[in-house]
Amino acid sequence: MAGSHSKANGPDLVQGIAIADLEDGGKLVGHCGDEQVLLVRRGSEVFAVSATCTHYGGPLVDGLVAEDTVRCPWHHACFDLRTGEALRAPAFSPLACWSVEQREGKIFVVEKRKRTAPVVRDGGAAPERIVIVGGGAAGFAAVETLRREQYQGSITMISDDQAPPVDRPNLSKDYLAGRAPQDWIPLRGEKYYSKNNIDLRLDTKADRIDPRSREVVLSDGSTISYERLLLATGAEPVRLATPGAEQSFVHTLRSFADCKAIIERAANARRCAVLGASFIGLEVAAALRSRGIDVHVVAPDRRPMERVLGPRMGDFIRALHEEKGVVFHLEATAASIGGNKMKLSSGGTLMADFVVAGVGVRPRIGLAEKAGLKLNRGVAVNAFLETSAPGIFAAGDIARWPDPHSGENLRVEHWVVAERQGRTAALNMLGHRERFAAVPFFWSQHYDVPINYVGHAERWDEISVDGDVAARDCLLRFKREGRTLAVASIFRDLESLQAELEMERQTAS
């Protein structure tokens with residue numbers, strides 16, 4: 001991932017630099033001892049923080065300074081320049097900070113500051129018991145936020161997964177491609193949960209929720225009481241109804257176990273059929289091509305990802321994958337799967353040693369439905385991510401929330417959105433009454449080409465293109481009635497951040 005963007009170079013040292021050489025809002029990166037340091041000037045103040053994002057190591061010198069924050073150009077994490085605190089996912093760990101002195105018109109980085117605990121905000125009486133159902137992006141972000149906010153009460157996290165919360169985007173990208181070590185995958189090590197007194201219950205299934213008694217009933221009949229509950233059950237892959245799809249060599253990709261099973265299968269395979277030309281399907285195709293597997297993609301679409309990114313980007317993505325050896329069978333579906341053969345609806349036959357189905361996901365709303373919560377093609381929540389039942393919140397892939405930018409009720413299945421909602425839900429469970437107003441964001445990686453997407457456009461009547469899509473240097477604006485609803489870009493990282501900030505400011509006004 002880190003190799004897909006360029007880094008700016010700075011001076012060897014950030015000592016004795018003339019203040020006049022660093023304009024207001026300007027950034028300069030250099031070294032202080034053995035560490036890379038980013039200098040940022042805001043008016044008369046100069047801040048010194050770590051030069052790389054704590055998420056994937058993005059170069060913050062190429063990012064965006066907005067008020068007293070800096071945003072990462074790769075995946076839009078945001079950090080407080082004064083404290084180093086990670087304010088927005090996908091980053092959770094803070095930046096290191098250095099003290100800065102200004103003497104005789106010059107800037108001197110003095111010493112690294114000791115980390116201090118974040119200031120605890122007064123949210124009123126905190127609940128004694130919080131239960132989180134779900135071990136994905138939203139659930140992890142919630143427990144991390146609760147403990148970072150110095151919440152001292154009981155936290156129980158219920159997850160039907162066998163693994164602690166993992167960095168799921170990596171499962172279809174670098175890890176599946178063999179470029180990332182396994183220790184990159186957990187969002188935190190197992191000791192994190194015990195150290196922070198988080199009762200993490202893996203391989204545990206919640207059977208139902210009783211909003212009246214405020215209890216979660218587990219599949220073994222035991223109960224867990226709560227004062228505040230977060231539903232973060234996520235989504236599950238759509239299971240194929242195709243004859244033969246139940247066989248062991250037909251895989252879906254959602255969990256760490258799913259990913260490891262595909263890697264194990266790929267070790268002795270020559271050819272794979274990927275069903276679906278979605279983001280997951282094509283990221284899997286790219287990862288498997290990196291492992292030398294012949295990949296055939298079968299999808300009912302005319303173009304890959306045209307529904308989300310439009311025809312020009314769809315044509316580019318298809319050409320990119322074909323350049324890498326992927327073979328497409330579009331406007332077709334799998335009619336049957338038997339042995340190492342797949343019959344297509346178009347009449348052809350494919351040979352494949354294994355199959356990966358990426359034909360979409362559906363929100364896991366069964367618990368919410370049985371509890372009688374209000375549904376709206378997902379779990380309906382208000383601006384504070386509260387459901388229709390007192391004390392119950394929802395976040396992530398299941399939540400449909402009132403989006404202040406589009407003016408519509410949205411439910412999106414993106415990792416960063418889920419993480420940011422988990423953080424907001426945690427703050428609101430502590431009584432802070434913070435509206436969820438983040439602009440949706442996701443990224444996708446295809447070989448060495450990153451695609452960033454800001455906003456949300458289910459429908460548009462115009463796509464304006466700045467730059468050259470085929471040259472991998474472009475920014476596309478998806479508009480409806482002249483208003484930009486979303487922006488997709490390739491190697492236009494700063495402009496993507498600026499588009500995000502512009503959408504935030506439009507919402508605030």
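Here's a quick tour of a helix, a pocket, a hairpin and some aromatic rings. The model is predicted, so to speak of local features a pLDDT of at least 70 is needed, side-chain atom pairs count only at pLDDT 80 or more, and totals for chains, interfaces and linings use all residues. Residues are numbered from 1 along each chain as its sequence is written, and side-chain values use heavy atoms, with hydrogens and water left out.

**Helix H9**
- H9 runs over residues 415-429, 15 residues in total, and reaches 21 Å from its first C-alpha to its last, close to the 21 Å expected at 1.5 Å a residue. Helices (H or I, at least four residues) and strands (E, at least two) are DSSP runs, numbered from the N terminus, and the expected span is 1.5 Å times one less than the number of residues.
- 15 of the 15 residues of H9 are buried, so the helix is largely enclosed by the rest of the structure. Buried means under 20% relative accessible area, exposed over 50%, and partly exposed in between (1.4 Å probe, protein chains only).
- After H9 comes Gly431, with a positive phi near 95°.

**The second largest pocket**
- A total of 24 residues line this pocket, and Arg71, Leu87, Arg88, Ala438 and Glu504 lie nearest its centre. A pocket is an open set of points on a 1 Å grid over the protein atoms alone, where a 1.4 Å probe fits, with protein on both sides within 12 Å along at least five of seven lines; lining residues have an atom within 4 Å of a point.
- Strand E6 (69-71), strand E8 (86-88), H9 and helix H10 (493-508) each give two or more residues to the lining.
- H10 provides the largest share, 5 residues.

- Strands E34 (residues 462-468) and E35 (residues 473-480) pair in the antiparallel sense over 7 bridges; strands pair if DSSP finds at least two bridges between them.
- Gly467 has Cys474, in E35, as its bridge partner.
- There are 4 residues between the strands, and Arg472 takes a positive phi near 65°.

**Aromatic rings**
- The whole structure has 11 aromatic pairs. Rings of Phe, Tyr and Trp (its six-membered ring) pair if their centres lie within 6.5 Å; planes under 30 degrees apart count as stacked, over 60 as edge-to-face and the rest as tilted.
- Phe441 and Trp443 are stacked, 6.4 Å centre to centre with 25° between the planes.
- Phe442 and Tyr453 are stacked too, at 4.8 Å and 20°, and both are buried.
- Ring pairs link Phe279, Phe442, Tyr453, Trp460 and Phe478 into a cluster.
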